[in-house]
Amino acid sequence: TRRSSDLVLPYTKGVSERLQRSFKKRNINLYHKAGQTLRQVLVHPKDKMTPREQCGVVYETECQVCGDRYIGETGRSLGERTEEHEKSVDKRDSKSALSQHQETTGHVVHTPPLIDHIRIIEKEPRDLHRKVLEAINIKLKGARLNRTDGVELPDVYLPLLKEEGGARGDQ
């Protein structure tokens with residue numbers, strides 16, 4: 001068992017042994033803790049998910065022609081949602097804001113696959129929180145392709161959000 005007079009220090013070859021001898025003379029136990037191990041660097045039990053596989057995200061894309069921005073959110077996989085956008089564009093049914101923009105302007109928003117032109121800007125698994133983050137990003141970034149502003153946000157919050165630099169304060 002360790003006492004209050006025990007110390008735990010990171011191991012440094014040569015220095016640690018000298019410190020241990022010095023502390024032992026003063027009746028203080030010194031324990032060494034290894035730094036980052038090779039196992040910690042190399043072994044990752046979970047593979048990183050591709051953007052296509054990620055769920056619970058707020059994402060954005062821009063029109064290749066005019067640069068207008070679209071911001072959306074989905075609780076499902078981003079791949080599923082972008083496929084819906086692509087089908088809407090192919091069918092010219094205006095179910096998607098992207099297909100509506102393409103129909104009204106003649107702009108080809110993006111060449112398929114759309115997923116290659118989408119950037120995840122927020123990750124949030126909780127539905128209402130994600131919708132609020134989407135609304136904040138739409139307001140702050142001026143997403144003109146969006147048909148709605150998402151969840152209604154009181155305008156009184158906008159100056160504070162702009163001052164803090166975005167939805168999560170890191171934009």
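1. Ground rules. This is a predicted model, so local features need pLDDT of at least 70 and side-chain atom pairs count only at pLDDT 80 or more, while totals for chains, interfaces and linings use all residues. Residues are numbered from 1 along each chain as its sequence is written, and side-chain values use heavy atoms, with hydrogens and water left out.

2. Overall make-up. I see six helices and five strands, where helices (H or I, at least four residues) and strands (E, at least two) are DSSP runs numbered from the N terminus. Along the sequence the pattern reads β-α-β-α-β-β-α-α-β-α-α. Of the 171 residues, 32% are buried (under 20% relative accessible area, with exposed meaning over 50% and partly exposed in between; 1.4 Å probe, protein chains only). Among contacts (heavy atoms within 4.5 Å) with a separation of 6 or more, 54% are between residues 24 or more positions apart.

3. Surface. The protein exposes about 11,800 Å², and carbon and sulfur atoms supply 51% of that (Shrake-Rupley method, 1.4 Å probe; for residues, only the protein chains shown count as cover).

4. The sheet. Three strands form an open sheet in the order E4-E3-E5, with antiparallel pairing (two strands pair if DSSP finds at least two bridges between them). E4 (69-77) and E5 (119-123) are the edge strands, each with a single partner, so one side of each has no neighbour in the sheet. The twist averages 30° from one strand to the next. Seven bridges join E3 to E4, and Val57 has Thr74 in E4 as its bridge partner.

5. Helices on the sheet. H3 lies across E3, E4 and E5, at about 130° to E4. H5 (residues 127-141) also packs on the sheet, touching E3, E4 and E5, and its direction makes about 170° with that of E4. For both, axes are lines fitted to C-alpha atoms, for helices over the stretch in contact, and angles run from 0 to 180 degrees between N-to-C directions.

6. The cores. The largest nonpolar core has 13 residues, and those with the most contacts inside it are Tyr59, Tyr70, Leu78, Leu98, Ile118 and Leu145. (A nonpolar core is a set of buried Ala, Val, Leu, Ile, Met, Phe, Trp, Tyr and Cys residues joined through side-chain atoms within 4.5 Å.) E3 (55-62), H3 (78-91) and H4 (97-105) each supply at least two of its residues. A second, separate core of six residues includes Val58, Ile121, Leu133 and Ala143.

7. Helix H4. Its buried residues are Ala97, Leu98, Ser99, His101 and Gln102, and their cover includes E3, E4 and H3. Just after H4, Gly106 takes a positive phi of about 85°.

8. His101. His101 is buried, with a relative accessible area of 8%. Leaving aside neighbours within four places in sequence, His101 is in contact with Cys63, Cys66, Asp68, Gly106, His107, Val109 and Leu145.
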